[in-house]
Amino acid sequence: MGKRARAVLALAVAALLAGCAGRTPPPATPATAPETPQSTSTGYTTMPRYGMTDIYWEPPLATSPEERAAYFVSRLSDPRFVAPGSHGPRYVAAEKLGEIGLPAVPLLLARLDTRDDFELMLALYALELATQDPLLMARTRGDVITLTGALDPNTNADNVATARQWQQQHADALALPATY
């Protein structure tokens with residue numbers, strides 16, 4: 001073999017090795033059937049194993065608080081938006097709505113007519129959190145929605161009555177400011 005042929009062969013081997021260097025071998029096929037993911041019971045709904053969905057993703061074009069609130073309100077009835085917490089399940093959509101505060105309140109009040117007990121329970125919980133927004137508390141003189149038996153679907157009717165009463169008392173406080 002000539003020098004030129006050896007150089008071409010060496011380059012071919014080097015390229016082949018370089019192409020394979022970054023690859024990982026395919027996973028071995030298990031001899032037994034894969035285990036089904038375990039779920040944890042929250043008492044009201046079955047919580048999927050954490051990481052099964054990206055519950056912390058937000059739409060990239062949702063620029064206003066109202067748009068973010070609309071997205072999370074649409075996720076209230078989705079039982080996949082539940083994550084394990086140190087003191088029980090975390091209802092991510094409801095907690096995000098609580099962080100948004102005042103812009104979420106009108107949307108949450110509109111969800112009080114839902115027939116889905118799980119969604120209603122989380123809408124009420126989100127309302128309790130969202131009414132603690134300092135801007136809204138300044139308008140309501142510190143009056144917030146306080147639920148009895150939060151996160152218990154058996155108390156939904158009483159909590160809806162509490163929320164409706166709060167809404168009637170503070171209808172003028174729910175007007176959104178022009179800018180944030």
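Author: Buried means under 20% relative accessible area, exposed means over 50%, and partly exposed is what lies in between. Keep that in mind as we walk through this predicted model.

Reader: Happy to! Why is Ala70 called partly exposed?

Author: Ala70 has a relative accessible area of 39%. You will find Ala70 in helix H2, and its C-alpha atom is 9.3 Å from that of Leu108, 38 residues away along the chain.

Reader: And what makes Glu95 count as buried?

Author: The relative accessibility of Glu95 is 17%. The cut-off for buried is under 20%, so Glu95 counts as buried. Glu95 sits in helix H3, residues 92-100.

Reader: How do you know that the side chains of Glu95 and Arg90 make a polar contact?

Author: Their separation in that contact is 2.7 Å, and a polar contact needs a pair of N or O atoms within 3.5 Å. Arg90 is also among the residues in contact with Glu95 once neighbours within four places in sequence are set aside, together with Tyr125 and Leu129.

Reader: What about helix H5: how do you know that its length agrees with its number of residues?

Author: Helix H5 runs over residues 117-130, which is 14 residues. At 1.5 Å a residue they should span 20 Å, and the end C-alpha atoms are 20 Å apart, so the two agree.

Reader: Why is H5 described as mostly covered?

Author: Twelve of the 14 residues in H5 are buried. Among them are Phe118, Leu120, Leu124, Tyr125 and Leu127, along with Glu119 and Glu128.

Reader: What makes Asp116 a cap for H5?

Author: A side-chain oxygen of Asp116 lies 3.0 Å from the backbone nitrogen of Phe118, at the N-terminal end of H5. The limit for a polar contact is 3.5 Å, and 3.0 Å falls within it.

Reader: Which residues have the most contacts inside the largest nonpolar core?

Author: They are Leu76, Leu97, Val105, Leu108, Leu112 and Leu127, in a core of 36 residues. Helices H2, H3, H4, H5 and H7 each give two or more residues to this core, and H5 gives the most, with ten. Leu108 shows some of the links: with neighbours within four places in sequence left out, its contacts include Val73, Leu76, Leu97, Ala123 and Leu127.

Reader: How do you know that strands S3 and S4 pair?

Author: Two strands pair if there are at least two bridges between them, and S3 (residues 82-85) and S4 (residues 88-91) have four, in the antiparallel sense. Gly85 stands opposite Gly88 in S4, and a hairpin of two residues joins S3 to S4.

Reader: To step back, how many helices and strands does the protein chain have?

Author: There are seven helices and four strands, following the pattern α-β-β-α-β-β-α-α-α-α-α along the sequence. Buried residues make up 33% of the 180 residues. The chain exposes about 11300 Å², of which carbon and sulfur atoms supply 56%.

Conventions:
Residues numbered from 1 in each chain as written. Predicted model: local features only at pLDDT ≥ 70, side-chain atom pairs only at ≥ 80, totals over all residues. Heavy atoms only, no water. Buried < 20%, exposed > 50% of the residue type's maximum accessible area, 1.4 Å probe, protein only. Polar contact = N/O pair within 3.5 Å; in protein donor to acceptor, adjacent residues only side chain to side chain. Contact = heavy atoms within 4.5 Å. Expected span 1.5 Å × (residues − 1). Core = buried A, V, L, I, M, F, W, Y, C linked by side-chain atoms within 4.5 Å. Areas by Shrake-Rupley, 256 points an atom, 1.4 Å probe, with all protein chains shown as cover.
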